[in-house]
Amino acid sequence: MLFNKKLNLLNYNECNLFSVDSNGEFDPSESEEFLIFDGYKIHLKKKPKSQNLRICIGLPSKKKWQKGVIKIEVSHPPKAKPKDIMDFCQKHKEWIAKTCARYEAQIAKTDELLHSHGGKILLFGEWIEEQSLAQIAQDFLAQMHKSNSASNPTLNLTPSPATKLPKLKTTKQMLSFILLCHIKERAQALARQMQLEYSKVAVRETFTRFGSCTQNRLSFSLLLICASKPQIDYVIIHELAHITHKNHSHRFWNLVEKHCKEWRALRKSLQDEYSLFRLVLENL
Ligand SMILES: [Zn+2]
């Protein structure tokens, strides 16, 4: 499930040497090439094997990138002409403006929310004090030991493992642990309901997708720790449905809908809150 909007347009066959000329600006101190279009800085990325121009607008997760700043990037074949890149941007001017405005509004709202919830963290859709995280992680751990003992009675013969959290030193580690415990439990219940089998569940600190499913292995973004439980259920159902359908066909969405009637609203709300989740985690 990707959330950066991408346009894959314009079949490109021109083969002229690329250089940034008077159509745009080029600052040699920047390691990256860019053009200024309609007041926007458009970053350029050469794609050796690409035949198409492609525009991507989003919040990069790279360490070097300034937090909360939108990046507009056009990837292009190496020999593309700047004029054609400008024409391409011109053709999609409205879309660029609309997408940037949407991100800007999200960022402004996020700043406001972060400011009014100073010192708190967004956990399962609710703002809680950061200090209470350790206790929540501890409770999940205790619960995990309890269910392990119940499913494997022989464990009762051995002393119960220490209910300390030795490896959970940082806030992010605690959040990952809490999210993984929650997702493991929900994935098990939802897979049973959908009559599907997966092989593994993982939580990763990746900001490009909410979830993915590769060879029946489910992977979820740490971003979901900020999401509400119904939003998380939707992402789990979405990824589980990919076990049957490897695409986003009608049949795929029918399967999602069968188990999550509200999928459209939940999907939209996740897209809308993406920047908020990102900034909450990046501010840790
Ligand atoms: Zn998908």
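Two residues are in contact if their C-beta atoms, placed from the backbone, lie within 7 Å. The legends below refer to a predicted model.

**Figure 1. The contact between helices α5 and α7 in the predicted model.** In this view, P230, Q231 and Y234 of α5 meet W263, L266, R267, S269 and L270 of α7. Two packed helices are described by the angle between their axes and the distance between the axes. For α5 and α7, the packing angle is about 105° and the axes lie 10 Å apart. Helix α5 is therefore roughly perpendicular to α7, since angles of 65 to 115 degrees count as such.

**Figure 2. Helix α7, residues 263-282.** This helix comprises 20 residues. From the first C-alpha to the last, α7 reaches 27 Å, close to the 28 Å expected at 1.5 Å a residue. A bend of about 50° occurs in α7 at E273.

Figure 3. An α-helix has 3.6 residues a turn, so residues three or four places apart point the same way.

Figure 4. R217 belongs to β10, which covers residues 217-221. With 14 other C-beta atoms within 10 Å, R217 is partly exposed, because that class lies between the limits of 12 or fewer for exposed and 20 or more for buried. Apart from neighbours within four places in sequence, R217 is in contact with S199 and K200. The C-alpha atoms of R217 and S199 are 5.3 Å apart, although 18 residues separate the two in sequence.

Figure 5. The protein chain contains 7 helices and 10 strands. Of its 284 residues, 25% are buried. Among contacts with a separation of 6 or more, 66% join residues 24 or more positions apart. The average pLDDT of the chain is 81, and 80% of the residues score at least 70. Over residues 1-31, pLDDT stays under 50, and the model has 59 contacts beyond four places in sequence for this segment. Residues 153-162 likewise stay under 50, with 5 such contacts in the model.

Note on methods. Residues numbered from 1 in each chain as written. Predicted model: local features only at pLDDT ≥ 70, side-chain atom pairs only at ≥ 80, totals over all residues. Helix = DSSP H or I, 4+ residues; strand = E, 2+ residues; numbered from the N terminus. pLDDT = per-residue confidence, 0-100. Expected span 1.5 Å × (residues − 1). Bend = angle between axes of the 7 residues up to and from the residue. Axes fitted to C-alpha atoms, helices over the stretch in contact; angles between N-to-C directions. Parallel < 35°, antiparallel > 145°, perpendicular 65-115°, else oblique.
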